[in-house]
Amino acid sequence: RQADGLFRLDAAPGLAGAPRNSFRRGHRLVPLGPGRLLEWMPVACADGGQSCARYNIWRFSLEEGTGTRDPFEVDPAASGLWTDVGTGEDLFADEAHLFVWSRVSGALRAYVLDPNAADPLAQALMVNRPQTFETLQTADWTPPTQAPAIKHLVLILQDGRSFDSYFGRYCRGGGTSGEGPPSCEEGPACCEGIPAETPVPCVPLDTTAERSHQPNSQPGCMRAKMNGGAMDRFAQTEVVGCGHPEDLSCVGVGTTAGALDAYHKLAGQGALADKFFQTYGFVEGDAIDGSVRGSTTDPSTQNFLYLTAARFGDPFSFANTPLIDDELARMEIPWAIYGGHQSLTRMRLFGAPRFQDPHWYPYRELEHGEVESDLATGELPAVSVVLPDGSDAERSEAPGHRVDRAIEFVSKLVQTIEQSPRYRENTLVLITYLTAGGHYDHARPPVPPPLTVDATADGKRAINYGPRVPLLALGRFARRNHISHVPLEMSSIAVFIEWNWLVGRQVKQTGQPSDPRRYRDTWVHNIGSLLDPAVAVPETRF
């Protein structure tokens, strides 16, 4: 298997290896003797179980003059479904036998290898150890965690929506003239919604139609629209064409919310943060006058880097400093980014961290259903990030296309986890947004961290916050119908990952030798205000 997840056949000189787009991560190949190759892959069982697999048997000849030198250019000689082999098992063969070994139980089966059989596992059973075989047990390792019950995190990262645009009318507390933010913490009346009086009327957000207007979300324009924290120039056309009346959009509640009603219901079932702010105010190379010189990042990429690096900067400047994904791999904690093609193309430039598991590969393709497949077959890593491309109209809520289909995608993913016998009891789901997409939010951002924590590369300018974006915590670990007023940001999720899987180690605490910054994971709050301590971490404080 190559780095891009495809397979290549290598043989004697003269046989060119060719990628096969039908072979993705999870396929296993077992030689069955000269001219025969078994290809199999765990799949979900019809009854919801996980011990099922599909298989193909391919025939080929590497001799000159044959028409089947590449086994995958012809139809398989046989195909089928196994209902007693799947995730957690390995197959291997010698000249006369095919072995099935269960890593967890140590069970071992050996079959006679019939060169002409349509089903290799339907042949004579020579050895069968169905009972626990202790000397062959090698249980798939579950990494230790600070919260013993939270074994999995699924972080769904959308883009381009502000808090007010999605929850401004859902929340009914504070936000009006002369009123401060609410202090209660239960239900819509306790989260800070959009003010009754806004610069221009709120444009209804139709989630089932494309909008011709896409707000300007470039950092220079965002600073102009935020106006030093006054947040009053989003809906002004005279700001050098930067602000626009339709930057201020919102949805109603119930029947008027349309597809957003699904998120409003999830907020009632879980916890919603009304003080979660973007962490970008600049991108590397961004000048005070709003121009960008030599930047290799954009606002959404910059904010993603706060998850993995907990500091501002160009990704190529992180070469000599630890990243959370590297530390997870070093601690043998599996993680994966289920990304769109464009996202994964950029991430593969930085390589894949080494991890001693031959079946582990961190970059997994969202468009090919790998997240759904891993949920069904029980192969979800400890830390999973779902990152659709902004151009993906089926999965992304980014401005420029209708969002009802993307909201349905997220809702189904959450529902699948909640109904999974394997994951519903041990998985925390978070949904948030990389940027507000230029959309209006009325809440004044908090003061940025001091320059000793995070700053521009020259160390002279603070990294200001942008508008609020939604953050939802879901699953049995989340508080119910709860509103968190604790100031949070993207690095807060990094802090949670560090706390739960890296034994609380702040990977950025020392920084680079020549860098005076301490990094945000030493300064921001954890996400504990969203979680129910009685379920997640009894007698433990975040």
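What share of the contacts in the protein chain with a separation of 6 or more comes from residues 24 or more positions apart? The share is 68%, where a contact means heavy atoms within 4.5 Å.

## Model and overall makeup

This is a predicted model, in which local features need pLDDT of at least 70 and side-chain atom pairs count only at pLDDT 80 or more, while totals for chains, interfaces and linings use all residues. Residues are numbered from 1 along each chain as its sequence is written, and side-chain values use heavy atoms, with hydrogens and water left out.

The protein chain contains 10 helices and 18 strands; these are DSSP runs numbered from the N terminus (helices H or I, at least four residues; strands E, at least two). Of its 542 residues, 54% count as buried, that is, under 20% relative accessible area with a 1.4 Å probe and protein chains only (exposed is over 50%, partly exposed in between).

## Largest pocket

The largest pocket holds about 1300 Å³ of space. Of the 45 residues lining this pocket, Arg103, Asp140, Asp357, Gly378 and Glu379 are the closest to its centre. On a 1 Å grid over the protein atoms alone, a pocket is an open set of points with protein on both sides within 12 Å along at least five of seven lines, whereas a cavity is a set where a 1.4 Å probe fits but cannot get out; lining residues have an atom within 4 Å of a point. Grid points are joined across faces, edges and corners, and the volume is the space filled by probe spheres set on the points.

Strands S1 (28–31) and S5 (89–93) each supply at least two residues of the lining, and S1 gives the most, with four. By class, the lining has 19 nonpolar, 13 polar and 13 charged residues. Here Ala, Val, Leu, Ile, Met, Phe, Trp, Tyr, Cys and Pro count as nonpolar, Asp, Glu, Lys and Arg as charged, and the others, Gly among them, as polar.

The axes of helix H3 (residues 261–269) and helix H8 (residues 404–419) come within 10 Å and cross at roughly 35°. On the H3 side the contact is made by Ala262, Tyr263 and Leu266, and on the H8 side by Ile407, Val410, Ser411 and Val414. Six of these residues are nonpolar, one is polar and none is charged. Axes are lines fitted to C-alpha atoms, for helices over the stretch in contact, with angles from 0 to 180 degrees between N-to-C directions.

In helix H7 (residues 370–377), Glu370, Val371, Asp374, Leu375 and Thr377 are buried. The buried residues of H7 pack against H8 and against strands S2 (36–43), S13 (335–339), S14 (363–365) and S15 (383–387). After H7 comes Gly378, with a positive phi near 75°.

## Disulfides

There are five disulfides in the structure, each a pair of cysteine sulfur atoms within 2.5 Å. With the bonded cysteines numbered in sequence order, the pairing runs 1-2, 3-6, 4-5, 7-10, 8-9. Cys45 and Cys52 are joined with their sulfur atoms 2.1 Å apart; this link is right-handed, with 115° about the S-S bond, and both cysteines are buried.

Cys202 and Cys250 are also buried, and their sulfur atoms lie 1.7 Å apart in a disulfide. This pair links distant parts of the chain, 48 residues apart: Cys202 is in the loop between helix H1 (163–167) and strand S10 (203–204), and Cys250 is in strand S11 (residues 249–250). Another disulfide joins Cys221 to Cys242, at 1.6 Å from S to S. Cys221 lies in helix H2 (residues 219–226) and Cys242 in the loop between H2 and S11, so the pair ties together parts 21 residues apart in sequence.
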